[in-house]
Amino acid sequence: MAIAPNSTSFWATPQIQVLVNTFSSSSSLADLGYPSKSINIIKKKPTRTANIQCALHSPSVFHFPKQPYQQPVITTDNNSPSTTVNPKIQQPPSEWNPIQKVAAMALNMAESALLSLELKHPLPKTADPRIQIAGNFAPVPEQPVRHSLPVTGIIPDCINGVYLRNGANPLFEPVAGHHFFDGDGMVHAVTINDGAASYACRFTETERLVQEKKLGRPVFPKAIGELHGHLGIARLLLFYARGAFGLVDHHHGTGVANAGLVYFNGRLLAMSEDDLPYQVKITASGDLQTIGRYNFNNQLKSTMIAHPKLDPVSGELFALSYDVVSKPYLKYFKFSPDGEKSRDVEIPLPVPTMMHDFAITENFVVVPDQQVVFKLQEMIKGGSPVIYDKTKKSRFGILSKNARNASDIIWVESPDTFCFHLWNAWEEPESNEIVVIGSCMTPPDSIFNECDESLKSVLSEIRLNVKTGESTRRPIISDETEQVNLEAGMVNRNLLGRKTRYAYLAIAEPWPKVSGLAKVDLFTGEVKKYNYGDTWYGGEPFFLPRSKNSEEEDDGYIMAFVHDERTWKSELQIVNAMDLKVEATVKLPSRVPYGFHGTFVDSKDLADQV
Ligand SMILES: [Fe+2]
C-alpha cells in the first residue's frame, strides 16, 4: 500500500479564507496528502478522470498564508551556523500607502469575483492540480545540506562534483487551476566527494517568488494554468492593475526558472524560457544560494530558452529567445567561452511559435519551427493561446553558428513533425544532410491542451537535405514491439553536435511517469532498457562521461533521481552506461519530486565558480 507523502504539509496556506462558499475544505487534495484544513480547490470535479498529459497551468490565488514562509537558511560550510541570505519578510500592508491599501483591497475583491467565476467551470486535466501535482509530482519544502548519506555499492572514483536537477515545486497551494510546468523552480543537489554524498534542495529565489513570499500568496499569472480564455485575460488585467499601483513589480521578470540548468563560465544558471536565467551558487558545503537574475553583465536584454547548447569543442554557448507577442518572434545569439554575447540574429517567423529546444552541429544551429504556436486572439474567443495549427508547415531552419543575420538560413520542411526536445544533430556532408535526433510527440499540443488521444513520443531520426530541401523521418527503434515513449535524456555531451551512436532517454511509461531508462543505439535501432522496479519511477537520465578522453562513447555513468511510490523514499541511482548495471545508490533524506532537467558540475569546474 502506498504511503502518502508527508511533505505536503509544507504548503504555505491561506490565512484569510476568501470565497469560502465556493471552496471545499475537503478532500480532494487531502486525498493526495495535502492538509485538509487549507483552502482547497474547486468544488466541482472535472468531468473526466485523470490521466495527466503534462503540466503547465495554474490557478490563482486569493489567499494569505496562515504562517509566513520561512526564509531559507543557507549553510556556508560544514561547521558554521546557518546564514540568512534573504531580507526579512515584511508585511505588505505596512509598506503600502493608503491609496495602495485601498487599491489592494479593491483588486482582491475583483480577484475573488474572478475566482468565483473560474470555479463554476470544471478544470481541464492540464490545469487540474489534483492531477498535475498528484503523488510524487507534489512539491516538497527546502532541505538544508545533509551530509554522510547512506551509499549502497561504490560510487565510481571519477564522479566528484555536484549532480543538480531542476524542477517545478509550487510554494503556494493552488486554489484553482495549476499546470505542472507552472511551479516555482527548485534545484536538488547531490554533492559527491571521494565516495561520500550530501544532499540539499532550494527554491530558486526568482523575482516572482520573492514578491509572492512577501505578499504571502501567489499573484503572478501562471503561464499555462491561468492564461486561458476570457478569465485568463481578466487575470492579466488584474496583474497589470496591481502593477500600476505598485503592489507588484513585473519589470524584473516573471519567470519561474524551473526547467533547465547549465554551468557556463563559472556560473550555474537555472532557466525557464520565459525569463532571463538565474544564477545559483553552489556553496562550499553543497548548499545552494540564489545570486539573482543574470543578464550576462547587461548583455542579454530578452528571455532565453531553457536549453542553451554548450559546444564541447569551442566552449561557446548557443541560445534562442522567442517572443509570443511582438516581432521579432525569434532571435538567435551565442556567447564566447568567457561570456561575451554576439549580436542578436533576428530569424523571421510568420507567427510566434513555441520553441522549447533546438540543436547544434559543428557549424550550424538547427531551429525547429513547428505547429504549436501562440495565438493570443484565441483567448478573446475563449480558448487557449497555445494551439496546434494543423495548417502550418513544420520545418527546420539551418543557420550558420556564426551568422550575423538570417539571410542565409535554409528551411527544410518536415511534415507534421513536433519535437518538444532535440537530443542531438550532426552533419553528414557526403549526403548534404543534417541529421536530427529527437522525440516526435503526438498530438503536438497534448502537453498544453486536454485531448482524448493518448500521447506518443517516438524517438526519430530526421534527415534534412540542405541541397534538395527534402527531408525524411523514421522511428529509430527498429523493433515495433520495443517501441516506448522516450522523453527527457541526452547523448554524451562531449560529442554534442557530432555524430553519436547512443542516446540515454527516459522511458515515459505510463506517461507522464518514467519507469526506467533506455540506452538506444541510434545506428542499429537496438534498445536496452533498465527498469527502476515495480513501484519505482524517475525522470531524466543524466549521462556523465568517465572522462573527456574516453575512447568509448558510452564509457560513463547514468545518474537519475528515482522514487519508490510504495515506501515514499527517494534515491540517486548511478548506473554503468556500458552494461546498465547499478554501481551505487545514494539514499536521500527526503523525497525528490519528479522534475525536469539536470546537469553535473565537476569539482574541478566548481573551483572556478564565480
Ligand atoms: Fe525541456
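Predicted model: local features only at pLDDT ≥ 70, side-chain atom pairs only at ≥ 80, totals over all residues.
In strand β11, Arg293 is the bridge partner of Tyr278.

Strand β8 contains Gly260. Is Gly260 buried or exposed? Gly260 has 24 C-beta neighbours inside 10 Å and therefore counts as buried, the threshold being 20 or more. Apart from neighbours within four places in sequence, the contacts of Gly260 are Asn166, Met271, Ala306, His307 and His597. Gly260 also lies 7.1 Å from Phe596, C-alpha to C-alpha, although 336 residues separate the two in sequence.

Of the contacts in the chain with a separation of 6 or more, 64% are between residues 24 or more positions apart. The chain has 610 residues, of which 51% are buried, and it contains eight helices and 35 strands.

The largest nonpolar core comprises 138 residues. The residues with the most contacts inside this core are Ala189, Val366, Ala425, Val436, Leu505, Val520 and Ile558. Not counting residues up to four places away in sequence, Ala189 touches Val162, Leu164, Tyr199, Ala200, Cys201, Ile282, Gly286 and Leu288.

A further strand pair involves β26 and β27. All five of the five residues of strand β26 (residues 486–490) are buried, so this strand is largely enclosed by the rest of the structure. Strand β26 pairs with strand β27 (residues 502–507) in the antiparallel sense, over four bridges. Within this pairing, Met490 has Tyr504 of β27 as its bridge partner.

Helix α6 (residues 229–244) has 16 residues, and the distance from its first C-alpha to its last is 23 Å, close to the 22 Å expected at 1.5 Å a residue. Its buried residues are Leu231, Gly232, Arg235, Phe239 and Arg242. Why do these residues lie on the same side of α6? They cover an arc of only 105 degrees around the axis, which puts them on the same side of the helix. On the other side of α6, the exposed residues are Leu237, Tyr240 and Ala244. The buried residues of α6 are covered by elements that include α3 (98–118) and α7 (377–380). Just after α6, Gly246 adopts a positive phi of about 75 degrees.

Helix α3 has 21 residues and reaches 30 Å from its first C-alpha to its last, close to the expected 30 Å at 1.5 Å a residue. Asn108, Glu111, Leu114, Leu115 and Glu118 are buried in α3. Because these residues cover an arc of only 125 degrees around the axis, they are on the same side of α3. The face turned away from this buried side carries the exposed residues Pro98, Ile99, Val102, Met105, Ala106, Met109 and Ala113. The cover over the buried residues of α3 includes α6.

Most residues other than glycine have a negative phi, and most peptide bonds are trans. Asp194, which is not a glycine, has a positive phi of about 50 degrees. Asp194 is located in the loop between β6 (185–193) and β7 (196–203), and it is exposed, with 9 other C-beta atoms within 10 Å. Asn297 likewise is not a glycine and has a positive phi of about 55 degrees. Asn297 is placed in the loop between β11 and β12 (309–310), and it counts as exposed, with 9 C-beta neighbours inside 10 Å.

The bond from Thr442 to Pro443 is cis, with omega near -15 degrees, and Pro443 is in the loop between β23 (433–442) and β24 (456–465). Trp511 and Pro512 are joined by a cis peptide bond with omega of about 5 degrees, and Pro512 is in the loop between β27 and β28 (516–521).

Notes. Residues numbered from 1 in each chain as written. Helix = DSSP H or I, 4+ residues; strand = E, 2+ residues; numbered from the N terminus. Expected span 1.5 Å × (residues − 1). Buried ≥ 20, exposed ≤ 12 C-beta atoms within 10 Å, placed from the backbone. Arc of directions from axis to C-beta. Contact = placed C-beta atoms within 7 Å. Pairing = 2+ DSSP bridges. Core = buried A, V, L, I, M, F, W, Y, C linked by C-beta atoms within 7 Å.
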